[in-house]
Amino acid sequence: MTKTLLGALALLTLGIQSMQADHYKCSTKPIQPPLKIVEKPIDFGKARVNMTKAYIRQHYGMKVKNIAITPRIIVLHWTAEMNFKKSFNRLKPQKLLSDRKDIAKASALNVSAQFLVDRDGTIYRLMPENWMARHVIGLNYSSIGVENVGGKGNKADDLTAAQLRSNIALVRYLKAKYPTIQYLIGHYEYRQMERTPLWLEKDKGYRTVKNDPGRKFMHDVRKAVKDLHLKTPPKGR
């Protein structure tokens, strides 16, 4: 009888251990390595903040106390420059460079983005993520911009495999940090967003034609983050 009791206790112990092991496996998720982001601030002083407020008033019809935004869109770009230093230097000044005659009438506020990704995949944070950057007509007040060094001649779909991996990781990071994010779009798709409540531009003549960051690149990023269920822009305009 003692042997029988000991055997039963042994089986019971094994069963409990097995249940604990199964429970542990079910509740544990793979640990993701932290995303490495290098801080490299552009010039964003009082003058740029004030120009941003003026831009919001002029183009979106809102008088704001600060330039904080609630992110709802991630917009991917390319810089049309093949060099990191040149790309960064175009975004760094507070005022728009003299060669941007295509958008100069709209504001003297320089273009910017929250992130810049180099050819080797290094991710740089240029400004606070929840401050408004001027990077996409009509949608700046609800979007986070990710610039990528590349897009030679503003036509070539030449972003690198390293940039693709970094953009995928960055999209995942942003969606996890800001659950309010609903859309992932390429800059070339921005006009399709005119059909959504997020479009705020009041100047009907203020539009530009965009190709960045390339259709293949967008396809590959979207495919890799399909599980996040981010929306694409409405079809057509």
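These legends describe close-up views of a predicted model. Local features need pLDDT of at least 70 and side-chain atom pairs count only at pLDDT 80 or more, while totals for chains, interfaces and linings use all residues. Residues are numbered from 1 along each chain as its sequence is written, and side-chain values use heavy atoms, with hydrogens and water left out.

**View 1. The largest pocket.** Its volume is about 490 Å³. The lining counts 28 residues, and R100, V111, E147, H187 and K210 lie nearest the centre. By class, 10 are nonpolar, 10 polar and 8 charged. Helix α3 (residues 84-91) gives the largest share of the lining, 3 residues. A pocket is an open set of points on a 1 Å grid over the protein atoms alone, where a 1.4 Å probe fits, with protein on both sides within 12 Å along at least five of seven lines; lining residues have an atom within 4 Å of a point. The volume is the space filled by probe spheres set on the points. Helices (H or I, at least four residues) and strands (E, at least two) are DSSP runs, numbered from the N terminus.

View 2. I103 sits in the loop between α3 and β3 (115-117). Its relative accessibility is 6%, so I103 counts as buried. Buried means under 20% relative accessible area, exposed over 50%, and partly exposed in between (1.4 Å probe, protein chains only). Beyond its neighbours within four places in sequence, I103 contacts L96, V111, R134, Y206 and T208. Contact means heavy atoms within 4.5 Å. I103 and T208 are 105 residues apart along the chain, yet their C-alpha atoms are separated by 8.3 Å.

**View 3. Two sides of helix α5.** The buried residues of α5 (residues 215-224) are F217, M218 and V221. Down the helix axis they fall within an arc of 95°, so they line one face. The arc is taken from the directions from the helix axis to the C-beta atoms. Exposed R215, K216 and K223 are carried on the face turned away. The cover over the buried residues includes β2 (73-76), β5 (143-148), α4 (161-177) and β6 (183-186).

**View 4. Salt bridges.** The whole structure has 12 salt bridges. In each, a side-chain nitrogen of Lys or Arg is within 4 Å of a carboxyl oxygen of Asp or Glu. R119 and D158 meet at 3.8 Å, N to O. R119 lies in the loop between β3 and β4 (123-125) and D158 in the loop between β5 and α4, so the pair ties together parts 39 residues apart in sequence. R125 and E129 meet at 2.5 Å, and both are buried. Shared partners join E39, R125, E129 and K177 into one network.

Conventions:
Nonpolar A, V, L, I, M, F, W, Y, C, P; charged D, E, K, R; others polar.
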